[in-house]
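Trainee: I have a new model on my screen and I would like to learn how to read it. Could you take me through it step by step?

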Amino acid sequence: MEHPEEPRTPSEPRTPSETRTPSEPGTPSETRTPSEPGAPSEARDWTDGHVARWQPVLPALDPVVEGAVTRMKKLSVHLRRVREQSLVDFDLERHEFDTLHKIAGRGGSAAPSELAQDLDLAPASVSGRLDALEKRGFVRRTQSTTDRRRVVVELTAAGRETWLGAMDVLGHEEYRLLGVLAPEERALLNDMLRRVMVEAESTEPAGRPWHG
């Protein structure tokens with residue numbers, strides 16, 4: 001649910017049986033009991049060593065800022081790896097997933113012109129993508145019931161199932177990682193990241209997209 005990806009609304013992850021969810025080396029797979037809210041973690045991660053290595057070199061380095069930013073970067077890389085592996089597992093190319101994702105985001109059906117806008121592609125490029133997805137049985141094109149000149153692209157059951165499957169892999173890993181935090185800690189983390197993003201967005205040129 002780095003692709004650069006647009007804000008998504010994944011369903012509650014289904015319980016995986018055979019699905020792989022790769023993780024960073026050294027990350028335990030078992031579920032850990034959340035610590036008391038606000039309690040510092042006793043375990044050390046790669047970033048602790050990174051900060052300790054650079055502090056003597058850069059005495060003015062703020063270990064808290066450096067640690068937080070480095071961890072956000074590494075978490076983003078980790079989730080990107082999980083997402084890319086999910087595409088391999090579901091035999092999807094990145095552009096195929098992106099197209100299915102945009103159709104799903106419009107309620108399961110969209111006009112080719114809407115997809116061209118959402119994907120920032122020329123209509124001819126969108127048509128080529130839809131041809132390939134239609135051959136795989138993931139989408140179908142029909143005439144609009146209200147305007148016969150208008151074509152509507154719809155997700156098929158197979159297309160929706162494949163899209164949801166790939167989404168669930170990433171969603172499962174997100175829930176697994178944030179499961180080490182208590183509910184109130186997750187809410188606090190979300191609020192704090194919002195404050196950081198509000199500041200980041202305030203310095204960006206107007207209209208610049210933050211999704212992929």
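This is a predicted model: local features need pLDDT of at least 70, side-chain atom pairs count only at pLDDT 80 or more; totals for chains, interfaces and linings use all residues.

Trainee: How many helices and strands does the protein have?

Mentor: Helices (H or I, at least four residues) and strands (E, at least two) are DSSP runs, numbered from the N terminus. Here there are seven helices and three strands, and along the sequence they follow the pattern α-α-α-β-α-α-β-β-α-α.

Trainee: In what order do the strands stand in the sheet?

Mentor: Two strands pair if DSSP finds at least two bridges between them. In this model the three strands form an open sheet with the order β1-β3-β2 and antiparallel pairing. β1 (109-110) and β2 (139-143) are at the edges with a single partner strand each, so one side of each has no neighbour in the sheet. Two bridges join β1 to β3, while five join β2 to β3. Within β3, V152 stands opposite T142, and V153 stands opposite R141.

Trainee: How do I read the inside of the protein?

Mentor: Check relative accessible area: buried means under 20%, exposed over 50%, and partly exposed in between (1.4 Å probe, protein chains only). Of the 212 residues in this protein, 28% are buried. A nonpolar core is a set of buried Ala, Val, Leu, Ile, Met, Phe, Trp, Tyr and Cys residues joined through side-chain atoms within 4.5 Å. The largest one has 21 residues, and L92, F97, L100, I103, L115, V139 and W163 touch the most other members. At least two residues of this core come from each of α3 (94-105), α4 (112-119), α5 (123-135), β3 (151-155) and α6 (157-178).

Trainee: Which residues is L92 in contact with, leaving aside its neighbours within four places in sequence?

Mentor: Contact means heavy atoms within 4.5 Å. By that rule, the partners of L92 include F97, L100, F138 and A166.

Trainee: And S113, is that residue buried or exposed?

Mentor: S113, which is in helix α4, has a relative accessible area of 56%, so S113 is exposed.

Trainee: Where do E96 and R136 lie?

Mentor: Their side chains meet in a salt bridge too (3.0 Å, N to O). E96 is in helix α3 and R136 in the loop between α5 and β2, so this pair ties together parts that are 40 residues apart in sequence. E96 counts as buried at 8% relative accessibility, whereas R136 is partly exposed at 31%.

Trainee: Which residues are linked in a network of salt bridges?

Mentor: Find R83, E84, R94 and D98 on your screen: salt bridges link them in a network.

Methods:
Residues are numbered from 1 along each chain as its sequence is written. Side-chain values use heavy atoms; hydrogens and water are left out. A salt bridge is a side-chain nitrogen of Lys or Arg within 4 Å of a carboxyl oxygen of Asp or Glu.
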